[in-house]
Structure formats: structure tokens, C-alpha cells
Amino acid sequence: VTEFLQFLTLGILTGGVYALLAAGLGLIFGVLRVINFAQADFMMLAMFLAYVLWSGPSIDPFVGIPLAFLVFLVIGMGFHRLLLGRVTGAHENHEAQVILTLGVGLILQNAMLISFDASPRLIVPPYARDALDVGPLQIGAPHLISFGVAVVVAIGLFIFLQRTSQGRAIRGTAENWEAATYMGIDVNRSQRIAFGLGIALTAVGGVALSSFQPLDPFVGLDFIVIMFAAVVLGGLGSIGGAFAGGLIIGIVEAVSQIWTSASLSMVWVFGIFVLILFVRPQGLFGKAERAV
Amino acid sequence: MLAFRMDVCHDAELRATGDCQVEEDGMNAGKLLPRRRLGLAGVLAAAVLGLSACGDDEGGGGAAGGAAGGSDGGDGGEQVLIGAAWPQSGSFAFQGEASLAGAQAAVKDINEAGGIEALGGAELKLDSVDVGDAPEDATSAVNRFVTRNDDVVAVVGSWLSTLSLAASEVTERAGIPFVTEAFADDATARQGFSHVFAYVPPSTAIDDLMLEATLPGIAEAGDEPKTVALVGDNTAAATPLQEALAEQFKERGMDVVERQQWTPPLKNATPIAQSIANADPDVVFLIAYVFNDVSSVVRELRGRGYDGPIVQNGGQALLPEWREFGERVEGLSTFVATNPLNKSEQLTQELATEIGEPYVQQDHLDGYFAIQLIAAGLEQAGEADPEALNTALHELELSEGPAVDVMPRDMIAFADNGRIDPPSGVLAQWQEVDGELVPCTIWPTEYAVCEPKW
């Protein structure tokens, strides 16, 4: 029982980070109907920002999260204004979206390769060296803090989307952008903010991840499948679903290792994935929360 | 489902189509490569940023060391052209750059000391040939290089066994000696190949050497290890060594209390580390070659209070990034081809200063050794001719000089199969030396710089 609880806890904590990573992707798809293949590379950029802050002015990754959020909010909105906005909304072109986001991802990887070389980099804050003993459980402090960040961000996002006029505008845009236009909503602005938020959410996840995961220019590739799996599992377009999907993946990945080899953990994840999609093709929350 | 088919190396389709490259060596840190994406990435980056991943080097135009020019140096003296076929782009670039830096230092040393005496003081000229991170890239780059330069006497490289195998196909056809750090048995065991010289132990010899280097020392320091955790990735590089070690543990009556494998990249190391910590083995053998994976396991394992010996295989355990762990890295050990030795302390310190690194490690020394070996071969051959150099390398019995100094042996001589026999290697252990954390050689005892701390 203790072993099960231990691995369950590990899975929940790691799943919280996966949830953050996936929530950004889910928000972008929900509002813009864009599959952003560069999402994981923005995560990688955020990890490098955390590294620069840590190796330079010794700013702890978690302290740097507000800065990362703002920086990537601006980057995301700028990217939408300059590039993505030209192939979304009234100018919607799905093929161009795919190539554009794929291309941007590749450019980001190689730009970082040129700037930082391919060497792996580590951030090891002092508090990250010892696991905390919580009763019979051992919990890594960065994992615990990351999970806390995920919870806070999830609550903040929920409040923003439900309680603010801009949040309601984003939800309206997600529901039907043409109808939202007729209702007087500035759809382009809503999409831009949603895209910026989506990038910023994943960036926050990336910064949290950097506190316990090495980084290099290609680290995004290691997490892209998890991000997409979480989004589809939770239901395309559902932010809550993406959160749930990330948590489920984290839990299955960890708990499965009690009984089988770690090399089979992703087999378990995708076994559960297939099973859920067999029962609910729209994903766990796809139908109920498709409109955000 | 497009999202789930993209560019991930454990994707079965990519493996099946051969689009995923995995290092097959025992000692070189391997990394899974999503080649489709990287290939496209290179094209896009070159187009958009105006930067070429390969640059001019593939054509042999990039003088990486020595004076510029063709066979005749700028001062009218003869130059001997050597190709440095290491990756300078892609995911293996930082290892390739380290090897190249070592080779450049060797060229500089040789030229400053008067060049190749037997050739009237001819200087060495090293041209970098970027072999990228895929076998076909290596083949085409080396092919272009030897086609455009009919005066090439030797090629060194290519860090990764798969790249070395590809590059040596070209050099063998051209009759040019290829000096390589490839561990794969195939590097030298191919039918009809007589121009390949591999100076590191073959992968089939590593398990014996690893256990000889570790278990007696651990037993001497305390209790004889009876339980062991054997964990690592499931790549073609790591699995055979894990199986060979498991067999050895069984023969020695040791109990493998934890056996885990993962498919790289390892996204969450905590469950594996927890399993090992729960099993509390006397020693952990961590056989995986991706730095991100092994560093995550070690971080989580140490964080869970496991302070027993952790033994790795490969250069990924020597990178300066381990210093981020502080004192927690002390005791971490790895079996590699070479590392600074007691007979080469001054040389390796000067080399580190020249290269601008806090210390030199296997990749730097490999590059340095390869060039010094070719220089010794040229001295023996007495002419700058590939075939003469090939014969000289086969007949070489080198017992002194920088090439011998940086290797854990007294004699460099190649057997008919192009391997140095018997195989050798060193065990490097992270220790604090003069206030700095460095991977310090602790085995073989006759070449050790530090006392083992188990």
C-alpha cells in the first residue's frame, strides 16, 4: 500500500506539470482551432529562460515564473499578431497553420542550438537535492512546488475565463468566432490574448519542469507527445480536460512502474488512452467543455 | 493522430523505417535522434537564418588546424592533409566539437614542434568534415571531402559508431586510413576492411573491464557487494551490456535486486529512482547514454538518500554539467576509454588550458590521440601516402610519445583486425581535487590520479 501511495503521489505531482504544459495547447486549440506544433519548443525556450536567470543572476526558477509568464504572453501575442493571425480567423488556412507552427518550432530549436550549442544543462537549486519525507512518502521539493504552481495557475485561469469580460470574450470566440464577431467581440484580440495565454501557460510549465529536468534545444521533442495525448485524452478544446489528461498520464506513467518495467510505461499510458477514446471518442471532457 | 506520429524516436514507425538513429556504442553517450525533424530543421534554419548547418567544412575548405592551403603551405613547405570527420552540427555537435578541439590541439603541438620530421618538417593540416548526425550525412560529407581532396592521407572520426561505420565505408573504398573511437565490433570486423584503426575496446569487452575496475575496489573499501541494481535504457547500445553484466552478476552470486529499463527519453525519473532506493542495493550499475536520462536518475536517487556507489559506462558521466550537483556527484563513477592519467597530468592540464575547458575528458583526449597516432605513423612511413601510412599503422609499435601518454597502456600496437589488443579502459570517479570537482582516474591503479572513494 505504501509503495502504491508513493508512486501515486509521484504520478500526481509530475502529472501536475504535464497538465500545465497541456493546458496551454488545449487553450490554443479551443479558441483558435490551431494545432500548435511549436508549443513544446516554446516550452523549451522557457526552460532556457529559467536557465539564463539561474546561471546569471541566480534567480530561482519558481521566482522567475511571473517574469516567464509575462515574457511569453508578449511573445505569444506578438507571434499571433505578426504570423499566426494571418492564417487564422477570417484568413483561416489549416495547411498553412501546420507548416507555420512546425517551421517555427524547427527554427526555435536550431536558433537555440546555434546560440547555446547542444550541451545539456541543469538547474539544481539547493532545496532540490533532498526529497522531503512526508510520513512514509518521499517527495521531491521541486515536484511539490511545481504541482502547487499548477494548481494556482489552474485556479487563476478558471477565474480569468469565468469572471472577467476578456475571459468571457475568449470563451465566446471559442464557441463560435463568427457569431462572436456579430456580438461585437473583438475576435482577433481575443484570439491573440488566448494564444499568448496558451504559450505563457506552457512556459510556466516549462520553467517548473526545468527545476528537475535537464534541458537542451531538443527537450521539447521529449514532451510533445505527452502534451498532445493529454489534450486529446481530455477532449480537444477543453482546458479542464487537458489538465485532467495531464494528470492521468502522470499517474499512469508512475503507477504502472510498480508492476511493469519503465520501458512499458508509455504503453500503459496509450493503452488507457485508447480505452478512453474507445468509450468516449470526444475525450473525457470533450463534449461538455468544448466551448471552453 | 498526426500529433502522435511526429518525430519521436521511440515511435515504432520511425524505428522501422530507420529514421531514428541511436548510438550503438557502449561508451559514447548516445541520444535518440528525431532525424526527420532535425533534417528539416537544418534546412529551415539555413534558409531562414542564413546559416548553414554544414558550412564550408564539408567541402574541406574549413581549415580547423594548421596553416591554410593545399599540399603546399603558405610558406612553401609541404602540408599533410587529415580529415576530421566529427559531428559539428546536430545533437552530437558538442561531443564532436570536443573531439575536434583535442585534434586541433594535437596539430598545433606537432606543428609548433617542427612538424613531421620524416617528411622534412611537413606540417599537418586538419580540415573539419561535418558528418552531422545521420549515417547518410556522414557518407556524403566524407565522400565530398575525399573526392575534392586527392591529397588526404587519413581521416579521423566520427564519435558515433553509426557515423564511423558510414564514414569508413568511404575511406576504405578510397584506400585511406580511418582512425576511429568506435566501440562497435563491426567497426573493424567487416569483411575486406583493412584501413580502419579502432583504438578503444570493442563493446563485447566492456563488461569484463567494468567489473574488474569496480567490484574489487568496492569490496576492498568495505563489504563485498552482494546486491546490485541494474538499470538503464533499452537501446541497442545499452541492452547488450546490461545483459552481459546480468550474466556476470549471476556467475558471481550477486543478487540483482532491481532491474529496470526505459525507453529514452526518460521523462520522469522519479519512479525508477524510488524503486532503486526502495531496493537499497549495495551498488547501482546505470547503463544508459543520454545525459538527460542518467542525470535525472542520479539526481532523484541521491535525493532519496541513496549514497552507495553508482557506476556508469560512457562519456556522458564526465560532462562538466555534473558539477551542478555539488558534493552529491562525488563517488559517481564511469568506465571510459581514457581520462587524464598520472603519466599525462601535465600534458592534459596544458591541453585543458589550450582548449579553454576546466578539464579535458575522453572526447578531447580521443581527438588528441588520433592525430598523435597519425603523426607517429607518418614518421614511420616516411612519406605522405595513405597506403604507406596504412602499412605503418599496422606495423606500429609505439611505446613513447604523447599518443602513449594519454592512453592507459604502455604500448600502442594494432592487431591484424585493426584493434588494439588487449583492450583497455579507465574508471573515472568524480572527486574533489584541489577544491574542484573533477572526474578523476582511479583505475587501472598504475595510471590512477586519485585514490578510489567507495
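Colleague: How many helices and strands are there in chain B?

Modeller: Chain B has 14 helices and 15 strands. Keep in mind that this is a predicted model.

Colleague: What share of the residues of chain B counts as buried?

Modeller: Of its 454 residues, 64% count as buried. Buried here means under 20% relative accessible area.

Colleague: How far apart in sequence are the residues that contacts in chain B join?

Modeller: Take the contacts between residues at least 6 apart in sequence. Of these, 66% join residues at least 24 apart.

Colleague: What is the confidence in chain B?

Modeller: The mean pLDDT of chain B is 84. A pLDDT of 70 or more is reached by 83% of its residues. Over residues 1–70 of chain B, however, pLDDT stays under 50. The model has 200 contacts beyond four places in sequence for that stretch. As for the scores of the model, ipTM is 0.85 and pTM is 0.81.

Colleague: Why does Ala236(B) count as exposed?

Modeller: Its relative accessibility is 51%. Exposed means over 50%, so Ala236(B) counts as exposed. Ala236(B) lies in the loop between β9 (227–233) and α8 (238–251) of chain B. Its C-alpha atom is 31 Å from that of Lys453(B), 217 residues apart along the chain.

Colleague: Why is Leu102(A) called partly exposed?

Modeller: Buried needs under 20%, and exposed needs over 50%. Leu102(A) has 21% relative accessibility, so it counts as partly exposed. Leu102(A) belongs to helix α4 (residues 94–116) of chain A. Asn36(A) is 66 residues apart from Leu102(A) along the chain, with 7.7 Å between their C-alpha atoms.

Colleague: What angle do helices α10 and α11 of chain A make where they pack?

Modeller: About 135 degrees, with the axes 8 Å apart. Helix α10 of chain A covers residues 239–255, and α11 of chain A covers residues 265–279.

Colleague: Which residues make the contact?

Modeller: From α10(A) come Ile248(A), Ile249(A), Val252(A) and Glu253(A). From α11(A) come Ser265(A), Met266(A), Trp268(A), Val269(A) and Ile272(A). By class, seven are nonpolar, one is polar and one is charged.

Conventions: Residues are numbered from 1 along each chain as its sequence is written. Chains are lettered from A and ligands numbered from 1 in the order in which they are written. This is a predicted model: local features need pLDDT of at least 70, side-chain atom pairs count only at pLDDT 80 or more; totals for chains, interfaces and linings use all residues. Side-chain values use heavy atoms; hydrogens and water are left out. Axes are lines fitted to C-alpha atoms, for helices over the stretch in contact, and angles run from 0 to 180 degrees between N-to-C directions. Helices (H or I, at least four residues) and strands (E, at least two) are DSSP runs, numbered from the N terminus. Contact means heavy atoms within 4.5 Å. Ala, Val, Leu, Ile, Met, Phe, Trp, Tyr, Cys and Pro count as nonpolar, Asp, Glu, Lys and Arg as charged, and the others, Gly among them, as polar. Buried means under 20% relative accessible area, exposed over 50%, partly exposed in between (1.4 Å probe, protein chains only). pLDDT is the predictor's confidence in each residue, from 0 to 100.
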